[in-house]
Amino acid sequence: MTARRTILVRLPKDKCDIDYIRRLMALANLAYRGFEVWVPDLPKTVQHQLYNFKNFKESLLFGIVPKRWLAETWVPLTTLRVYPSGSRRGDTGAPVVIDFKRGTIKLRQVCRNGRGYVIEVPMPKWVIERDKEGGDIKFARIGLKDNEPYLALIAERDVEPYQPSDYILAVDVNAWNNGIAWGLIKDGNIIKWKSETPNLREIDNLYNLSVELSRKYGRLKRLGLDKTEEGKRLWKKIKKLRKRLYAKLRDYAQKLVYRLVRKALRHKALVIIDDMIEESRRELLEMKLPSGLKKLYLMYTKRFVKLLATQLEWYGVPYRFKRLYSSICPICGHELTQVEGRVMICENCGFKTPRDKVPMYWAITCSRL
Ligand SMILES: [Zn+2]
C-alpha cells in the first residue's frame, strides 16, 4: 500500500508573482480536463511539465478532477532530490529541487515568469522527518491558499499495515465541542478511556471577539470608511484574530492525532474510528451556538478524522471505520436514555455508563463480529 502525506511550505510572497501562479493554476485546470493549451509567453519547460502529467493523472494523488471550471487547481510539479551523499533521484530538469545536502528547497521558474528565475527557501524539519521515515517526495504542487503562495510536497511511502495485537484503540468523534473520546481495549475489556476537549472558552472568546469586530467593520464599510486608517487597522486585527483561532483548532487536532497514533503504535492496536460525522452534525445543530462557530467545529471534526486516517496509514496502523453508537445499548440494542451528567442507562437491561464510554462498548461488539 502506498501511503502519502503532504507537507505545506509557505513561500515568500515578495518573491512570488501571484498573477503568474494564478495563470499556471488555470492552465493546470485545463490540463486536468484533457485540454492542451500552449501559451506563448509562459516558459515551455513548465508547460511541458503540465502536459506530461496528463498521462498518469488517473494514478495521481493530485487526484480528483476539479469540480468546477476555473476552480483553483494546484500545479503539479516533478522534483529532484539531492541527498547528503551527493546522490540524486528524480528528474534533473525538475522545477523543484529538494536539497538535503544544503537544507534548502529550490524552485525554478514557477514563482515568477522569467528566464532562470529561481528562489530558494529553507527546508522545514518535517521534510527531513518524512525522508527519515522512508518517505520519498516525488511530486510537489504549487498554488494559492487565501491568496498566499504555497508549495505542497507530497511524500510517498510503501507500507504494510502491521498485524494487530489483542489491543483495540476506539476513537469516537463527537461534535468538536464535545471533543474526542478514546478507549483502549484489551481482550474485550476497556482498560482505559478518556474524553478529550479543546479549550472551548478560549476558542469561544476568540470567535466572539472576531464576530464583534467584524460587525464594527461592517458598519464602517457601509459608511464608506473601511479604507480609512481606522478601517484598515480593524481589518488587520480581525484577520489576525481569525488566524489565531484557526491555528488553535488546528494545533489541537494535530496534537491529539499525534498522541493517538503513538498510542496505537505502542500497543500495536487495531484502531476503530467512529465514522458518524452525520450524527455529530445533528448534535451540533441542536446546540445553542452561533452558526459560524458550528461550521468551524464541524470543519475541524472532519479535518481531525482525515488527519488521523492519513497518519495511521503513513505509520502502517490498521484501522477501520465503524459506527460506534452512543445512544443505543451495546448489550441488547434498546435505545438508551440520557440522565444527569451525560450518563446513559438502558431501561431494558439495566446497562449504565457515561455517554462517552458507550462507543467503547460498541467497539468491543464490532471487533467480535
Ligand atoms: Zn440494554
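Predicted model: local features only at pLDDT ≥ 70, side-chain atom pairs only at ≥ 80, totals over all residues.
Local features were taken at pLDDT of at least 70 and side-chain atom pairs at pLDDT 80 or more, whereas totals for chains, interfaces and linings use all residues. Residues are numbered from 1 along each chain as its sequence is written, and side-chain values use heavy atoms, with hydrogens and water left out.

Helices (DSSP runs of H or I, at least four residues) and strands (E, at least two) are numbered from the N terminus. Axes are lines fitted to C-alpha atoms, for helices over the stretch in contact, and angles between N-to-C directions run from 0 to 180 degrees.

Helix α1 (residues 18–32) packs on helix α2 (residues 44–52) at an angle of about 30°, the axes being 10 Å apart. The two helices, α1 and α2, are therefore roughly parallel (angles under 35 degrees; over 145 is roughly antiparallel, 65 to 115 roughly perpendicular and the rest oblique). Their crossing is right-handed (the near helix is turned clockwise from the far one by less than a right angle; anticlockwise is left-handed). In the contact (heavy atoms within 4.5 Å), Y20, L24, L27, A28 and A31 of α1 meet V46, Q47, L50 and Y51 of α2. By class, this contact of α1 with α2 comprises eight nonpolar residues, one polar and no charged (Ala, Val, Leu, Ile, Met, Phe, Trp, Tyr, Cys and Pro count as nonpolar, Asp, Glu, Lys and Arg as charged, and the others, Gly among them, as polar).

Helix α4 (residues 200–222) and helix α5 (residues 229–267) have axes that come within 9 Å and cross at roughly 155°; α4 and α5 are therefore roughly antiparallel. The crossing of α4 and α5 is left-handed. Residues of α4 in this contact include L206, L213 and L220, and those of α5 include W235, L241 and L249. The contact of α4 with α5 has 13 nonpolar, three polar and seven charged residues.

Helix α4 also packs on helix α7 (residues 291–314), with axes that come within 11 Å and cross at roughly 130°. These helices, α4 and α7, are therefore oblique to each other, and α4 passes α7 in a right-handed crossing. L200, I203, D204 and Y207 of α4 contact G292, L293 and Y297 of α7, giving five nonpolar residues, one polar and one charged.

The zinc ion has as protein donors (N, O and S atoms within 2.8 Å of the metal; 3.2 Å for Na, K and Ca) the SG atoms of C329, C332, C346 and C349, which lie 2.3 Å from the ion. The donor residues follow the spacing C-x2-C-x13-C-x2-C. C332, in the loop between β13 (319–322) and β14 (336–339), and C349, in the loop between β15 (343–346) and β16 (352–354), are 17 residues apart.
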